[in-house]
Amino acid sequence: MTTTATSATSATTTLTAANRCDRCSAAAKVIAVLPSGSELHFCRHHFTEHEAGLVKLGATISEPTAELV
Ligand SMILES: [Zn+2]
């Protein structure tokens with residue numbers, strides 16, 4: 001197996017209203033980048049739900065909009 005390191009063409013670590021949660025259709029608030037390079041978007045609710053698992057996977061978490069409720 002050859003792993004072609006497809007480096008993210010444009011490192012867009014910003015979230016806009018167009019970014020939606022991967023689990024529901026709510027606006028994404030958190031970006032989680034897995035060690036594999038996969039980028040996941042989560043709303044606040046689903047991030048909280050998956051946070052422990054993401055951390056365990058070694059994901060890099062970023063919250064471009066530090067919006068506290
Ligand atoms: Zn969600």
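The questions and answers below concern a predicted model of a protein with a zinc ion.

Q: What makes the arrangement around the zinc ion tetrahedral?
A: The four donor atoms subtend angles of 101 to 116°, and because four donors count as tetrahedral if all angles lie between 85 and 135 degrees, the arrangement is tetrahedral.

Q: Which residues are the protein donors of the zinc ion, and how do you know that they are donors?
A: Cys21 (SG), Cys24 (SG), Cys43 (SG) and His46 (ND1) lie 2.0 to 2.3 Å from the zinc ion, and since the cut-off for a donor N, O or S atom is 2.8 Å from the metal, these atoms are its protein donors. Along the chain, the donor residues follow the spacing C-x2-C-x18-C-x2-H.

Q: Is cysteine 21 buried or exposed, and why?
A: Cysteine 21 has 5% relative accessibility, and buried means under 20%, so cysteine 21 counts as buried.

Q: Why is cysteine 24 called partly exposed?
A: Its relative accessible area is 29%, which falls between the limits of 20% for buried and 50% for exposed, so cysteine 24 is partly exposed.

Q: What makes up the largest nonpolar core?
A: Seven residues do, namely Val30, Ala32, Leu34, Phe42, Phe47, Leu54 and Ala59, and the elements giving two or more residues to this core are β1 (30–33) and α1 (44–57).

Q: How confident is the prediction, in terms of pLDDT?
A: The protein averages a pLDDT of 83, with 74% of the residues scoring at least 70, whereas over residues 6–11 the pLDDT is below 50. Where pLDDT is low, the predicted coordinates should not be read in detail.

Definitions and conventions:
Residues are numbered from 1 along each chain as its sequence is written. This is a predicted model: local features need pLDDT of at least 70, side-chain atom pairs count only at pLDDT 80 or more; totals for chains, interfaces and linings use all residues. Side-chain values use heavy atoms; hydrogens and water are left out. pLDDT is the predictor's confidence in each residue, from 0 to 100. Contact means heavy atoms within 4.5 Å. Donors are N, O and S atoms within 2.8 Å of the metal (3.2 Å for Na, K and Ca); water is not among the atoms, so sites may look incomplete. Four donors count as tetrahedral if all angles lie between 85 and 135 degrees; four count as square planar and six as octahedral if opposite donors are over 155 degrees apart and all others between 65 and 115; anything else is irregular. Buried means under 20% relative accessible area, exposed over 50%, partly exposed in between (1.4 Å probe, protein chains only). A nonpolar core is a set of buried Ala, Val, Leu, Ile, Met, Phe, Trp, Tyr and Cys residues joined through side-chain atoms within 4.5 Å. Helices (H or I, at least four residues) and strands (E, at least two) are DSSP runs, numbered from the N terminus.
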